Amino acid sequence: KISLKPCPFCGGEARLRKHKKLEQTWYVQCNQCGIRTTNSIQLPYESWKTTMNYPVQLWNRRVEKKEE
């Protein structure tokens, strides 16, 4: 199961989506504000799980706050 963090901008729920026109292309998008990751296109030597995992990693990445 894929676990997505809330949107870093609005806190909304996000969803992994398959591009409607480009086959084997995935991205993550916030259901509330619409912000999204770049497309991840499956290359001939990659599995579909690798292609789906890349936008999930981008979405879940957060900058850690440094204590002053």
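The model is predicted, so local features need pLDDT of at least 70 and side-chain atom pairs count only at pLDDT 80 or more, while totals for chains, interfaces and linings use all residues. Residues are numbered from 1 along each chain as its sequence is written, and side-chain values use heavy atoms, with hydrogens and water left out.

Start at G11. Strands here are DSSP runs of E with at least two residues, and helices are runs of H or I with at least four; both are numbered from the N terminus. G11 is partly exposed, at a relative accessible area of 47%. Partly exposed falls between buried, under 20% relative accessible area, and exposed, over 50% (1.4 Å probe, protein chains only). G11 and C30 are 19 residues apart along the chain, and their C-alpha atoms are separated by 8.7 Å.

C30 belongs to β2. This strand covers residues 25-30, and six of its six residues are buried. Both faces are covered. T25, Y27 and Q29 are on one side; W26, V28 and C30 are on the other.

Now look at the partners of β2. Two strands pair if DSSP finds at least two bridges between them. L16 has V28 in β2 as its bridge partner. Six residues sit between the strands of this hairpin, and Q24 takes a positive phi near 60°.
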